[in-house]
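Trainee: Could you take one part of this structure and go through it slowly with me? I would like to see how a single element sits within its surroundings.

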Amino acid sequence: MEKIKVKIDNRLVEVEKGTTILEAARKLDVNIPTLCYMNLGDMDIEHRPGGCRICVVEVEGRRNLAPSCATDCHDGMEVKTHSIRVLNARRTVMELMLSDHPFECLTCAKSGKCDLQSMAIKLGIRDIHYQGEKSTYKPDFSPAILRDMDKCIMCRRCEKMCNEVQTVGVLSGIYRGFEAVVAPAFERDLDHSECTYCGQCVAVCPTAALTEVDHTNQVLRALADPAKTVVVQTAPAVRAALGEEFGMEPGTLVTGKMVAALRQLEFDYVFDTDFAADLTIMEEGAEILGRLGKFLAGDKDVKLPVLTSCCPGWVSFFEYHFPDQRDIPSTARSPQQMFGAVAKTWFAEKIKKDRKDMVVVSIMPCVAKKYECTREEFATGGNPDVDYSLSTRELANLIKRANIDFNKLPDEDFDGPMGESTGAGVIFGTTGGVIEAATRSAYEIYTKKPLDKVDFKQLRGMEGIREATVDFNGFPLKIGIAHGLGNARKLLENIRAGKSEFHAIEIMACPGGCIGGGGQPLHHGNSEILKARQKAIYREDSGKPIRKSHENPSIIKLYEEYLGEPLGEKAHQLLHTRYFDRGREIVIEADVKEEQ
Amino acid sequence: MSAIKIKLRENDLQQLKEVCSSFNNEAGELINVLHKAQSIFGYLPAEVQEVIAKELNVSVAKVYGVVTFYSFFTMVPRGRHPISICTGTACYVRGAEKVLDEFKRILKVPVGEATPDGKFSITGLRCVGACGLAPVVLVGDKTYGRVAPDGVKEILKEYEDK
């Protein structure tokens, strides 16, 4: 690569040709402020529309200021990043942006975590010299995501995630000039679009234009109601990220403190979604082995590969975009929904409560889980199996609101029986984890031999699409893994074309899996944070006394007492689901219009 | 939530598919395809955009983004005789607004819409490059120069039987 020399703020730096001024400056630890720019390093996601103009710099010999995120360095370039001209321009740009922004900072959901707010502070904005028309839009309430486009600054990061990373294609910039806004086609509500509620748009939105629908008040009301027994479940990825909201280093495990906090919030039973993850493995594993057995016996009609179905964003994705392939995913419900179904039946009977007097709350790293628990098939007589799903961020807010000093909490253990889990359950929180958990159990059940080494390192990592072959006593089980819906689409297209050689595929909608979920503490594009969370998950796994789902004593008891066999009648009724064709359909209309 | 149904007449669907395939169903030809589709249907209703999106394998949101970005594209049906009144600077100072108001008054439709019988529609226009004829009115392809409000009736009369 050709090297060039650039002078930034009177300091010389050597960079490769094609490096932007912004990147070159960062090499010198000169952090030029940015707003619309986004770089999710290892995920190969870079967004530099050069739209907001906050990152402008002065380039010697150039008439106008240059957006540093979208301007390449050239040899001998001299750049000033904080001249008076630059500082004034940034202030003007910021004031213009703020002149079309609601002043709701005191009550805004994003206050304190808003990139626009931090930038206004950073740039020392004390007065807004511009006044004019403000753009207003109808707020869009969906089951999971709230769109308040009055707060949109047109950075278009959401569009990047929705179209290029996730290939969901719901959001697009529409209209032009002052009217320009990001919206679904025909300005429909998200609820009437093909939105999967993966929440990656929410995760990257710099302001509160896109936020999760907040259910903390409903949960507080349930907790205050003496007639209700409130049960909480916590997803695997939450414990690896919640600490960040309390100033802890990324990758700090806070399982014990989280349990203590939930108990202080007066949940009646503090349980673990990891328990239900183990249960998922029992069902999904049995399904994989069942289909594989038929395939090996020569059954040509059996559908392979088996796809995991834990992720509601992914489920929506194939219902919308690959409805013709909907008989391939496992019919196993997600751990959240298995938990709800078992809590309101088996556990309800144990504590002699009617399901109507029980409230099941889930703490999820996810936005789509809010939508998933509203799906009609997950309710009995109108009573949902899971009543409310809170994101990791919402839980952190709730803990702060209840003035619980999180950092000083003692470590406490989950309640039994639905708090007991294995290492296999906890790795559900990262890409590669579900299939590793399934492999651990499936191997022992298939080969009837004990597994010496439970760590399947070949299934781990951060690449978007991975593949590995696991030796099942002479039979090479081919496994595929994809995270991020754009990567999932590639595998799905191969399957549709009959070119896939995998026996089983794990798919998670969010980059990194649940650790990078739309409901997690904002990582602001720093993929080191995701890696730290992933390490934490594997650390939790290796510290567990039991690491295979089928050895979980509470799971064994659940089958003995209530469910019978995996894939049995009762299990089918409570733990499995069906999928719907939600693809776009072109209907030929008789010449109605002409008759009228 | 549930599947989105796109209703189209068989003939229209065929025509649209032909337009798309004449551009090899290439996503990069989106603007050309929209252009052609609008010349056939007179406007670009949601159904047409849905089909184009499907044929070119781009998201409907993207198609809608392009349609709303360019003022040439319209989602509102135009009349058989679309009337465009220039409100560019030259026409404006010579009374284009009064001419526009007169069209609105007589046809009883706002700018951007068509009369219920589908005969006329009114749109504003910014400069056709004939400032010497200001104010300028276009009906279909025909140009009328130096139009005064009291001349509006006469123009419309020309289209009485058309």
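Mentor: In this predicted model, helix α12 of chain A, which runs over residues 392-401, is largely enclosed by the rest of the structure, because seven of its ten residues are buried. The buried residues of α12(A) are A:T392, A:R393, A:E394, A:L395, A:A396, A:L398 and A:I399. To call a residue buried, we ask that 20 or more other C-beta atoms lie within 10 Å of its own. If you then look for what covers these buried residues, you will find that the cover includes, from chain A, the helices α6 (216-224) and α7 (255-264) together with the strands β16 (358-364) and β19 (388-391). Just after α12(A) comes A:N403, where phi is positive, at about 35 degrees.

A:Y197 counts as buried because 29 other C-beta atoms lie within 10 Å. A:N473, likewise a residue other than glycine, has a positive phi near 55 degrees, and its place is in the loop between β20 (465-472) and β21 (475-483) of chain A. A:N473, however, is exposed, because 10 other C-beta atoms lie within 10 Å, and a residue is called exposed when that count is 12 or fewer.

Technical notes. Residues numbered from 1 in each chain as written. Chains lettered and ligands numbered in written order. Predicted model: local features only at pLDDT ≥ 70, side-chain atom pairs only at ≥ 80, totals over all residues. Helix = DSSP H or I, 4+ residues; strand = E, 2+ residues; numbered from the N terminus. Contact = placed C-beta atoms within 7 Å.
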